[in-house]
Amino acid sequence: MRSPAVAGLFYPAEADALRAAVDGALPAPSKAPPAVALVVPHAGYLYSGATAGRTYAAAPIPDGVVLLGPNHTGLGCPAAVWPAGRWRTPLGDVPVDAEMAGLLLASHPALEADTAAHLREHALEVQLPFLLRRNPRVRIVPVCLADLGEQALLELGAALGRALEGAGDGWLVVISTDMTHYASRQEARRQDRLALDRLEAVDAAGLYRTVREHRITMCGVVPAVVGLAAAVCRGATRARLVDYSCSGDVTGDDGDVVAYAGLTVA
């Protein structure tokens, strides 16, 4: 059992308050076709909850979700799969799909069964209340990723895509990332447009190179590269920008913002 690390910090710790916060951020679900992946932010709900809600409402949420997020803490191994058990939330426990976790672990030697990388990490935890409100039957496979280098990330993504393809329909990849950190609103938009162009083109290698070349402070570039490479293996050709926002929308401070984007990949 993984206990929440950021309940009461990034989102309400009390069930009724959390349910109201998530439901307030979720518009009526659209009738859009299924996606193979979503890109969603992971900041506190006060700042990025609206973008997350709009993105989660933009595609059906199947029973199986692979969560890809960055390793902010430096703990654990570089490609850590939580292999079994449950993740606790104020809205109830979310089961880990041990069978799919096993398939992913067998798909690439870089992936390891490891819980330490996940224990204090917030980027995947904050997704669970949205997933539960959209599909109470959801099962997850959490994967926490550090930078292995461009080629290794592309190979890892392709292996993940093949594993999901072999498992049949019914699996969604959720890529957890925020965009530019601590820049002016204008500079964040300029920098993020470069990254969003590559995201919308489902260009995993181009995203990695663009973020590194232009020093874009997109904290989830690693899971995004892996997730895009997996999506291409599953037939994805384009991504659609659902929402783009920044912390300045809430604070009124446009001089020093963190930016957020939500996309569907299909």
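This is a predicted model: local features need pLDDT of at least 70, side-chain atom pairs count only at pLDDT 80 or more; totals for chains, interfaces and linings use all residues.
Q: Let's start with helices. At what angle do the axes of helix α6 and helix α7 cross?

A: Helix α6 covers residues 185–200 and helix α7 covers residues 204–213. Their axes come within 8 Å and cross at roughly 170°. Angles over 145 degrees count as roughly antiparallel, and α6 and α7 are therefore roughly antiparallel to each other.

Q: Which residues make the contact between them?

A: From α6 look for L194, A195, R198 and L199, and from α7 for G206, L207, T210 and V211. Sorted by class, this contact has five nonpolar, two polar and one charged residues.

Q: Now for charges. How many salt bridges are there?

A: Here is the general idea: side chains of opposite charge can pair when their charged atoms come close. In this model the count comes to 16 salt bridges. One of them joins R139 and D97, with their closest N and O atoms 2.7 Å apart.

Q: Is D97 buried or exposed?

A: Buried means under 20% relative accessible area. D97 has 12%, so it is buried.

Q: Which residue meets R212 in a salt bridge?

A: That is D147, at 2.8 Å from N to O. Again distant parts of the chain are linked: R212 is in helix α7 and D147 in the loop between β7 and α5 (150–166), 65 residues apart. R212 counts as partly exposed at 38% relative accessibility, and D147 counts as partly exposed too, at 37%.

Q: R198 came up in the helix contact. With which residue does R198 form a salt bridge?

A: R198 forms one with D203, and their closest N and O atoms are 2.9 Å apart. R198 has a relative accessible area of 26%, so it is partly exposed; D203 is partly exposed as well, with 25%. Salt bridges can also be linked in a network, as with R86, R88 and D93.

Q: On to strands. Which way do the residues of strand β1 point?

A: Look along β1, residues 37–40. A37 and V39 point one way, L38 and V40 point the other way, and all are buried.

Q: How many bridges join β1 to strand β8?

A: Four bridges do, and the two strands run parallel; β8 is residues 171–176.

Q: What about the backbone: what is the phi of Y182?

A: The general idea is that most residues other than glycine have a negative phi. Y182 is not a glycine, yet its phi is positive, about 60°. You will find Y182 in strand β9 (residues 181–183), and at 61% relative accessibility Y182 counts as exposed.

Q: Where is R215, and what is its phi?

A: R215 also has a positive phi, about 55°, although R215 is not a glycine. R215 is placed in the loop between α7 and α8 (221–233). With a relative accessible area of 74%, R215 is exposed.

Notes. Residues are numbered from 1 along each chain as its sequence is written. Side-chain values use heavy atoms; hydrogens and water are left out. Axes are lines fitted to C-alpha atoms, for helices over the stretch in contact, and angles run from 0 to 180 degrees between N-to-C directions. Angles under 35 degrees count as roughly parallel, over 145 as roughly antiparallel, 65 to 115 as roughly perpendicular and the rest as oblique. Contact means heavy atoms within 4.5 Å. Ala, Val, Leu, Ile, Met, Phe, Trp, Tyr, Cys and Pro count as nonpolar, Asp, Glu, Lys and Arg as charged, and the others, Gly among them, as polar. A salt bridge is a side-chain nitrogen of Lys or Arg within 4 Å of a carboxyl oxygen of Asp or Glu. Buried means under 20% relative accessible area, exposed over 50%, partly exposed in between (1.4 Å probe, protein chains only). Two strands pair if DSSP finds at least two bridges between them.
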